[in-house]
Amino acid sequence: MSAALQLDQLDRLIVGVLLEDGRATFAQIGDRVGLSAPAVKRRVDRLVSSGAITGFTVRVDPSVVGWSTEGYVEIYCRGSTSPAEILKAVDKHPEVVSASTVTGEADAILHILASDIRHFEQVVERIASEPFLVRTKSELVLSPLVRREQGSLPD
């Protein structure tokens, strides 16, 4: 997002509605935030062109498509492996739904979805075979407690 763009309360409300329902029409959004459809369109276009809104997508329940096993994998790298090298290695695995460099002992943490424990293990084995990796540490999710959509705005 451009440093010059400041989201006002209406922008935040519009983004909130879009986070709830990315398919909402400009008229529906306008009804919720108290603006006309053309005014909402202008604001959404500005938010998109500024980079505040980076895209529109669909959310799928992973268990519906057969990926009901979830876990996090810490990766520990050899030497000074760059974030770009880590990204290149993990980006080729569709099971990795997010990856972030982190503070602490690990170099990065991966969020992985898989069809079952064996599938999860295979993904970790493929990732662990990268030449820069020293070791991994995995944790499986038992029960997700809180799920917030990425990009949601706190009040």
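1. Strand 2 and strand 3 form a hairpin with 6 residues between them, and within the turn Gly 104 has a positive phi of about 95 degrees. Helices (H or I, at least four residues) and strands (E, at least two) are DSSP runs, numbered from the N terminus. Two strands are taken to pair if DSSP finds at least two bridges between them.

2. A word on the basis of this note. The model is a predicted one, in which local features need pLDDT of at least 70 and side-chain atom pairs count only at pLDDT 80 or more, while totals for chains, interfaces and linings use all residues. Residues are numbered from 1 along each chain as its sequence is written, and side-chain values use heavy atoms, with hydrogens and water left out.

3. Contact here means heavy atoms within 4.5 Å.

4. As to the remaining pairings, strand 1 and strand 3 run antiparallel and are joined by 7 bridges, with Tyr 72 standing opposite His 111 in strand 3. Strand 1 (residues 69-77) also pairs with strand 4 in the antiparallel sense, over 7 bridges, and there Gly 71 has Leu 140 of strand 4 as its bridge partner.

5. Strand 3 is mostly covered, since 6 of its 7 residues are buried, where buried means under 20% relative accessible area, exposed means over 50%, and partly exposed lies in between (1.4 Å probe, protein chains only). His 111 has its place in this strand and is buried, with a relative accessible area of 13%. Its side chain is joined to that of Glu 70 by a polar contact of 2.7 Å; such a contact is a pair of N or O atoms within 3.5 Å, of which, within protein, one must be able to donate a hydrogen and the other to accept it, and residues adjacent in sequence count only if both atoms are side-chain atoms. Not counting residues up to four places away in sequence, His 111 touches Glu 70, Gly 71, Tyr 72, Glu 95, Val 96, Val 97, Ser 98 and Arg 147.

6. His 119 has its place in helix 5 (residues 117-128) and counts as buried at 13% relative accessibility. Residues up to four places away in sequence aside, His 119 touches Trp 67, Glu 95 and Ala 114.

7. Glu 74, which lies in strand 1, counts as partly exposed at 23% relative accessibility. The side chain of Glu 74 makes a polar contact of 2.4 Å with the side chain of Tyr 76. Leaving aside neighbours within four places in sequence, Glu 74 is in contact with Ala 106, Ala 108, Ile 109, Arg 135, Thr 136 and Lys 137.

8. Among the helices, helix 1 (residues 9-20) packs against helix 3 (residues 37-50) at an angle of about 85 degrees, with their axes 11 Å apart, and the two are therefore roughly perpendicular to each other. Angles of 65 to 115 degrees count as roughly perpendicular, those under 35 as roughly parallel, those over 145 as roughly antiparallel, and the rest as oblique. By class, this contact has 6 nonpolar, no polar and 3 charged residues; Ala, Val, Leu, Ile, Met, Phe, Trp, Tyr, Cys and Pro count as nonpolar, Asp, Glu, Lys and Arg as charged, and the others, Gly among them, as polar.

9. Helix 2 (residues 26-33) packs on helix 3 at an angle of about 100 degrees, with axes 8 Å apart, which makes helix 2 roughly perpendicular to helix 3. Phe 26, Ala 27, Ile 29, Gly 30 and Val 33 in helix 2 meet Ala 37, Val 40, Lys 41 and Val 44 in helix 3, a contact that comprises 7 nonpolar, 1 polar and 1 charged residues.

Notes: Axes fitted to C-alpha atoms, helices over the stretch in contact; angles between N-to-C directions.
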